[in-house]
Amino acid sequence: MWTWFYRLASPPHVYRVAAMLIPWFLTGAAIAIGYGAIAGLVFAPPDYQQGDAFRIIYVHAPSGWISMFAYSTMAVAGAIGLIWRIKMGHAVAAAVAPIGASFTLLALVTGSLWGRPMWGTYWAWDPRLTSELILLFLYAGVMSLRPAFEDASRGDRAAALLAIVGVVNVPIIHYSVLWWNSLHQGATVAKLGKPSMPPSMLVPLLSMLLGFMCFFGAVLCMRLRGEVLNRERQASWIREAIRS
Amino acid sequence: MLKGVSLEVGPRELMHVAGPNGAGKTTLLRVATGLLRPEQGSVAWFGQSITQVQSEYQSALAYASHETALKGDLTALENLRYMVRMKRRATLTELRGCLDRTGVAGCADLPVRVLSAGQRRRVVMARILAASAVLWLLDEPFTNLDAAGSALMSALLEEHVGGGGMALVVAHHDLKLQATQRRMELKG
Amino acid sequence: MNVGAWRAMMLIVHRDLCLSFRRPEQVLQPLVFFLIVTTLFPLGLSVQLSLLRDMAPGVLWVAALLSSLLSLDSLFKNDADDGTLEQLALSGQSLATIVIAKTVAHWLVSGAALVLVSPVVAIGLAIPVSAFATMLLGLTLGTLTLSWLGAIGAGLTVGLRRGNVLLSLIVLPLAMPLLIFGAGATDRAISGASAVGALYFLASLCVFTTTLAPFAAAAALRIALD
């Protein structure tokens, strides 16, 4: 029944499809980010509260969303590899991890830069940034666990299990950090709130998000092809694939 | 990596798995126990897949690996007590009897860490006996045993198989047994 | 099955407790570590009672987390090394049953011991006696939750050579919510406010982890035994 699915998930097929998708993703990314950047950074009006500082949201918010999306992707791909024993699931999980971690880092850095004009300091334990930081630690855990095993297959499965445990914990962590922050509300820390969004601000933001997603897709496909090559290096189809 | 291996063991049969180091003998045994899930293929117990009748299968087998699986800080008797009682009710007298049978009755109340390697192997033998299992899965059971110990192990195997039991024994040397022996040679 | 799950669990708990009592230093060392770490803070910061009291919940909980992590490494390692874990896995009981029994036994000699020692530490950190009830309840729930999380981490890292650092790296981010709620509850109790909300969150975290962690840890052990 699932044979078509297994065929879809066979390494040569994944390798080919990923190659096909890259140019599409890159074009989409270029267009969406191009439009979003120009419309958001140049044409959108400055926020009445934050002035021009809010513009970093055009990089910060999409990075944050993608960091979460990437973690979920990693957990789902790992689950597919773990439960249905589809090796490409583990390949996707391994490919996504560093990308997601990089977006998390980007979200943290842009958040910190955003905080400087707002809080006067580069870091003030804002709840959302703190959640991002803990997400980075979760990424670090999964990325450190996989290579620690001598048997690569065991490493894949352990990392997949940890990713699943992590994804279940993310809402818990998020909520607990929010609660923790409300506890210490005494500090006059303005939260990194999104300014209320008229269309001229919102549309570029959505465009940036779309562009980031396309970019994420492109980088994922590139890394996935690398993972497939590495994992299947003993297989015979590799030689023909490299020649073409 | 094991490929294309197929075997069958029935009551009153002993299968001897032989081969050079690294041929995959231990791997094969572990697949038989169900600890290792093969990528392809399956293990069946009286016609049913062991994943479906897992607890029944596990109750019917006794496994001895390279490690002795004995806790150094517990006495031999205590080790037996905790391990055997996980599978069936057993009185201390029974367990002492098994230790006596394998010649380590005097070690029953000594912590395992003070026993020699040969004595520990005999305690492992006692555990296998005490488990009252139909299927014995033994990985190099003659390790560390002196001549008397080896003779004892052989006698126990004879008795087990003769009495209707089954055994899958990994050994790199020949087994001098009278019981129905089949042999599988794994190439490295 | 000839032997019921309950009886098997009791056997495992009995065995593990027996082993722990024969090596009392393995139980005492993390407790001493707990005492030492909590001493570091007054030494490093200040002896002013008001300041101590402010830091106390955080210091107490961080110290409890770190000392629990020390002992978690050995949860499955000893059994994995001498082949006993394999025998347990072949005993006819599900791995989840085995995990529950071993984790409970482990908590009894680590987390529970920590809770018993905590009043001593609390006095040293200027926590008023009125907050003790909240602190003890919070620590009980928290150390139990941590044991479950630690079981998952220990299961994932059982075969690895330098597993204990990786274990901490894995478990600590997952333990941050319980640190937040536990220290928060104690903090509120110290300042006289109601800690009930925080304790409820802590309790629900504990229940959530107790229900799901054994299966996750069992899955981790299955990967390790493979």
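Colleague: What makes β1(B) and β6(B) a strand pair?

Modeller: Strands pair if DSSP finds at least two bridges between them. One facing position is His16(B), opposite Val169(B) in β6(B). Strands here are DSSP runs of E with at least two residues, helices are runs of H or I with at least four, and both are numbered from the N terminus. This is a predicted model, in which local features need pLDDT of at least 70, side-chain atom pairs count only at pLDDT 80 or more, and totals for chains, interfaces and linings use all residues. Residues are numbered from 1 along each chain as its sequence is written, while chains are lettered from A and ligands numbered from 1 in the order in which they are written.

Colleague: Which strand is also joined to β6(B) by five bridges, and how is the crossover between them classed?

Modeller: Strand β5 (residues 135-139) of chain B is parallel to β6(B), with five bridges between them. Trp136(B) has Ala167(B) as its bridge partner in β6(B). From β5(B) the chain passes through helix α6 (residues 147-162) of chain B to β6(B), a β-α-β crossover that is right-handed. That term applies if, with the strands pointing away from the viewer, the path from the first strand over the helix to the second runs clockwise.

Colleague: Why is β6(B) called mostly covered?

Modeller: A residue is buried if 20 or more other C-beta atoms, placed from the backbone, lie within 10 Å of its own; it is exposed at 12 or fewer, and partly exposed in between. In β6 (residues 166-170) of chain B, five of five residues are buried. Met166(B), Leu168(B) and Val170(B) point one way, Ala167(B) and Val169(B) the other way, and all are buried.

Colleague: How many helices and strands does chain C have, and why is chain C called compact?

Modeller: Chain C has ten helices and zero strands. Its radius of gyration is 18 Å, close to the 17 Å of the globule rule for 226 residues, so chain C is as compact as a globular protein of that length. The radius is taken over C-alpha atoms, and the rule is 2.2 Å times the number of residues to the power 0.38. Of the 226 residues, 54% count as buried.

Colleague: What makes up the contact between chains B and C?

Modeller: Chain B gives 23 residues and chain C gives 22, where contact requires C-beta atoms, placed from the backbone, within 7 Å. α2(B) gives the most to the side of chain B that touches chain C, with three residues.

Methods. Two residues are in contact if their C-beta atoms, placed from the backbone, lie within 7 Å.
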